[in-house]
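Here is a brief report on one protein model. Look at the fold before reading on.

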Amino acid sequence: MTICEDPFAVLGVSSETSPADIKRAYRRLAMHWHPDRNRSAAAEAEFKRLHAAYELFLDPQRLAEWRQAQAASKAAASGRRDSKGSASAPRESSCGASKAAGQRSTGEDLTQGLTLTLEEAALGCRKTIALVQGVRCVSCCSSGRVQHRTSVPCKRCSGCGRTSRRGGGTSVCEGCAGRGFLRETDCPDCCGSGWLHQPRTLAVTVPPGLLAGERLRLVGQAAPPPGGGGKAGDLYLEIRLAEHPLFVLHGRDIHCRVPVSVYRLLCGGRIEVPSLSGTTPLELSADPQPPEEYRLPGLGFPAKGRRAAGDLVLQVQRIHPQSLAAEDLDLLERLEERLTGDLERRAPPLAAWEQQLQARRKSAGS
């Protein structure tokens, strides 16, 4: 051990440790690293380091000289840092320093998706969302480290102070600097971060008229800065629209397929169709060839700002009966007879077809 090596660090004890505890720590480590008990290549060198450190504790005069040398070295290093800081301090203005401090005291913004139904997005709603926020770890007082009353074996090297290398051989363990034991380790509750992730819920009022891709800003609802004590960032909820079983959104127009009986299409009249607020009446025209699409102005996605409300666009789907009873067939036969009596006026295509059939019959008879 050189004069510059810290004997407290070698034995894994603090500067306030009593002589009895120092002696116990040395005996425990010496038994582990003694070449007769430990067959590793680093055992002999580590045992010599431990013995040299313990001899320094046994000699009060040498220990006092080592302490004086350490104090002088720290004072010189502190003076160099102070001179460097005073030389560079005038380069930064107080305005710049306050600006940097303000940036450090503000947490980062957070963006999270929020899925809504078409009705919720159009009419507005109140949703409860789940968030995860960081809270200070109580176990380590947010330091990320815990102190042990006695030394604990290093997990990286299992207490031997050296780790295997890929190319062969061993190297000094980085976790314990070759000591094999630690007095301070990462906090097991927060894994050394000083913070715990705690779930929370937040009630949010969603205004009407938000489309997919638009964002809702919630000021100060994101995580606070890592150091704590600063201003929390903003939470942005990005709107997503769930697939709807009836409606398809095109811009602000809402399209819907409406199945209608072929008989109702022939008769016309009022039917009930779905809308965002529930249902609404639709007047069918009594036309032998009704339109395949109806447009109800203003009943689509609601207006927002300068964007006008969309329309409710209804595509009519003709539904023919899959089976007919005897009574239905009788009614259809009577309707067919009435239609045949005035084909020229009521069904011109059928009248033209009938004329072609008559002409073929005449030509075949001649």
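Which residue in β15 is the bridge partner of Arg 257? It is Gln 315. The model is predicted, and every value below is computed from it.

**Overall make-up**

The protein chain has 366 residues, and 30% of them count as buried. Its secondary structure comes to 10 helices and 15 strands. Take the contacts in the chain with a separation of 6 or more: 60% of them join residues 24 or more positions apart.

**The four-stranded sheet**

Four strands make an open sheet, in the order β10-β11-β15-β14. Its pairing is mixed. The edge strands are β10 and β14, and each pairs on one side only. On average, neighbouring strands here are turned by 30° against each other, direction ignored.

Both senses of pairing can be traced strand by strand. β11 and β15 are parallel, with 8 bridges between them. The bridge from Arg 257 to Gln 315 in β15 was the opening example. β14 and β15 run antiparallel and are joined by 4 bridges. Tyr 294 has Leu 314 in β15 as its bridge partner. Strands of a sheet pair through backbone hydrogen bonds, either parallel or antiparallel.

**The three-stranded sheet**

A sheet of 3 strands is also open and mixed, in the order β1-β9-β8. β1 and β8 stand at its edges with a single partner strand each, so one side of each has no neighbour in the sheet. Neighbouring strands of this sheet are turned by 30° on average, again with direction ignored. β8 and β9 run antiparallel, joined by 4 bridges. Arg 217 stands opposite Tyr 236 in β9.

The table lists residue ranges for strands discussed in this report.

| β1 | 110-116 |
| β8 | 215-218 |

**Nonpolar cores**

The largest nonpolar core holds 35 residues. Those with the most contacts inside it are Ile 129, Val 204, Val 206, Leu 237, Leu 282 and Leu 314. A second core is separate and has 18 residues, among them Ile 22, Leu 29, Trp 33 and Trp 66. In soluble globular proteins, nonpolar side chains tend to be buried together.

What does Leu 282 touch, beyond its neighbours within four places in sequence? The contacts are Gly 269, Arg 270, Ile 271, Val 273, Tyr 294, Leu 296 and Leu 314.

Is Phe 247 buried or exposed? The relative accessible area of Phe 247 is 4%, under the 20% cut-off, so the residue counts as buried. Sequence neighbours within four places aside, Phe 247 is in contact with Leu 118, Glu 119, Ile 254, His 255, Cys 256, Pro 274, Ser 275, Leu 276 and Leu 312. Arg 257 is 10 residues away from Phe 247 in sequence, and their C-alpha atoms are 8.1 Å apart in space.

Why does Ser 275 count as buried? Its relative accessibility is 8%, and buried means under 20%. Leaving aside neighbours within four places in sequence, Ser 275 is in contact with Phe 247, Thr 280 and Leu 312. Leu 312 is also on the contact list of Phe 247.

**The largest pocket**

The largest pocket has a volume of about 730 Å³. It is lined by 17 residues, and the closest to its centre are Tyr 263, Leu 266, Leu 335, Leu 339 and Arg 346. Which helix gives the most to this lining? Helix α8 does, with 6 residues. Both α7 (262-267) and α8 (326-340) supply at least two lining residues each.

Key: Residues numbered from 1 in each chain as written. Predicted model: local features only at pLDDT ≥ 70, side-chain atom pairs only at ≥ 80, totals over all residues. Heavy atoms only, no water. Core = buried A, V, L, I, M, F, W, Y, C linked by side-chain atoms within 4.5 Å. Buried < 20%, exposed > 50% of the residue type's maximum accessible area, 1.4 Å probe, protein only. Contact = heavy atoms within 4.5 Å. Pairing = 2+ DSSP bridges. Axes fitted to C-alpha atoms, helices over the stretch in contact; angles between N-to-C directions. 1 Å grid on protein atoms, 1.4 Å probe; cavity = no way out; pocket = protein on both sides within 12 Å on 5 of 7 lines; lining within 4 Å. Points joined across faces, edges and corners; volume = space filled by probe spheres on them.
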